[in-house]
Amino acid sequence: MSTTTELLIIRHGQTAWNKMKRLQGHSDIPLNEKGELQAMALGETLKHEPLDAIIASDMQRATKTAEEIAKWHKLQVKIDRDLRERCYGAFEGLHPEEIEQRFPESHAAWHAADPDHVFPPGERIAESPRQFFHRAMAALHRCAEQHPCQKIAVVAHFGIIESAFRAAHSIPFGDRTRMPVLNTSINRFAVGNGEIRLLAWGEAAHLEPLRKPVDYNKHF
C-alpha cells in the first residue's frame, strides 16, 4: 500500500545576509523587509491550498515565513531542528570573496564540490556536504512518515531543497546541482516508500508584484 506524502518544500524569505550574499548556515538571521513581504505574499498564495501540517526549521527566517502560511490555516507551526541549513563553520557571515582570501584551500574544495571536506570550525562545527545531505534527507523522510498520504508545507533553506533535488534526480556527490532556488519559492515533491520524486519546481508567481519596475530613463 502506497503511503506517499506531498511535501511543499519552501525556502524562507529574504534576509540581509541573502541580499549581501553572505553564508548563513546556523546563524539565526531574521527576515529583512523584503523577506517579510515575500512571506506574506506566500501565505496569500497558499491560503486555499489544503494543508495537513506546516513544519519549519527552528531558524527564525524559516519559522517567521511558516507563520505567514499558518495564519490562513488552523494549524500550528511544528519545529524540526534537523531542517536547518548546512552548518558552514568559520564561513558563516562571510562573502565568497572573503572566504577565498582567508581560506583558499577550503574555498577550492567548496567549488570542486568535495563531498567530504569539512570547513574550519567557527562558532559551531561545520558539516561536510555528505553529512548534511544525510541529515536533510532523514528529516524530509521523517516528515513524510509522520504524515502519510497528506500534504505538508515544509519551510526550510536552500540546502534542504537542493538535497531533495539531488536525491530526486540521483545526482552523485561531487557533481554540482546548479539550479535556482528563489526565496519563498514552492517546490513540490512526492515522498514515500523510501523514494522522493519532483512534482513541480520553483513556483514563484507570488513574487512578481514585489519586483521593482525598471526605470529605463536612469541610464540616459
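**View 1. T65 within helix α3 of the predicted model.** At 0% relative accessibility, T65 counts as buried, and this residue of the predicted model is placed in helix α3, which spans residues 60-70. Once residues up to four places away in sequence are set aside, the contacts of T65 are with H12, G13, L31, A39, L42, V155 and T184.

View 2. Six strands form an open sheet in the order β3-β2-β4-β1-β5-β6, and their pairing is mixed. The edge strands are β3 and β6, each of which pairs on one side only, and from one strand to the next the twist averages 25 degrees. Helix α3 packs on this sheet, where it touches β1, β2, β3 and β4, and its direction makes about 165 degrees with that of β2. Helix α7 also packs on the sheet, touching β1, β4, β5 and β6, with a direction that makes about 125 degrees with that of β6.

**View 3. Strand β1 and its two partners.** Strands of a sheet pair through backbone hydrogen bonds, and they may do so in parallel or antiparallel fashion. Strand β1 (5-11) is mostly covered, since six of its seven residues are buried. With β5 this strand runs antiparallel, and six bridges join the two, whereas β1 and β4 run parallel and are likewise joined by six bridges. The residue I10 shows both pairings, standing opposite I186 in β5 and having V155 as its bridge partner in β4.

**View 4. Helix α6 and its covering.** Helix α6 has 18 residues and reaches 26 Å from its first C-alpha to its last, which is close to the 26 Å expected at 1.5 Å a residue. The buried residues of this helix are F132, F133, R135, A136, M137, A139, L140, H141, C143 and A144. What covers them includes the strands β1 (5-11), β2 (53-56), β4 (151-156), β5 (186-192) and β6 (195-203), together with helix α7.

**View 5. The crossing of α6 and α7.** The axes of helix α6 (residues 129-146) and helix α7 (residues 158-168) come within 9 Å of each other and cross at roughly 85 degrees. Because the crossing angle falls in the range from 65 to 115 degrees, α6 is roughly perpendicular to α7. On the side of α6 the meeting residues are F132, F133, A136, M137 and L140, and on the side of α7 they are G159, I160, S163, A164, R166 and A167. Sorted by class, this contact of α6 with α7 has eight nonpolar, two polar and one charged residues.

**View 6. L83 in the loop between β3 and α4.** L83 is found in the loop that lies between β3 (77-79) and α4 (96-102), and it is buried, with a relative accessible area of 0%. Not counting residues up to four places away in sequence, L83 touches I55, A56, S57, R135, A139, L140, C143, V154, A156, H157 and I160. Among these contacts, R135, A139, L140 and C143 also belong to the buried residues of α6. The C-alpha atoms of L83 and M59, which are 24 residues apart along the chain, are separated by 9.0 Å.

**View 7. Y88 in the loop between β3 and α4.** Y88 is likewise found in the loop between β3 and α4, where at 12% relative accessibility it counts as buried. Leaving aside the neighbours within four places in sequence, Y88 is in contact with L23, G25, F119, P120 and A126. Between the C-alpha atoms of Y88 and P172, which are 84 residues apart along the chain, the separation is 21 Å.

View 8. A113 has a positive phi of about 60 degrees although it is not a glycine, and the residue lies in the loop between α5 (104-111) and α6. At 16% relative accessibility, A113 counts as buried. C149, which is not a glycine either, also has a positive phi of about 60 degrees, and C149 lies in the loop between α6 and β4.

Technical notes. Residues numbered from 1 in each chain as written. Predicted model: local features only at pLDDT ≥ 70, side-chain atom pairs only at ≥ 80, totals over all residues. Heavy atoms only, no water. Axes fitted to C-alpha atoms, helices over the stretch in contact; angles between N-to-C directions. Helix = DSSP H or I, 4+ residues; strand = E, 2+ residues; numbered from the N terminus. Parallel < 35°, antiparallel > 145°, perpendicular 65-115°, else oblique. Contact = heavy atoms within 4.5 Å. Nonpolar A, V, L, I, M, F, W, Y, C, P; charged D, E, K, R; others polar. Buried < 20%, exposed > 50% of the residue type's maximum accessible area, 1.4 Å probe, protein only. Expected span 1.5 Å × (residues − 1). Pairing = 2+ DSSP bridges.
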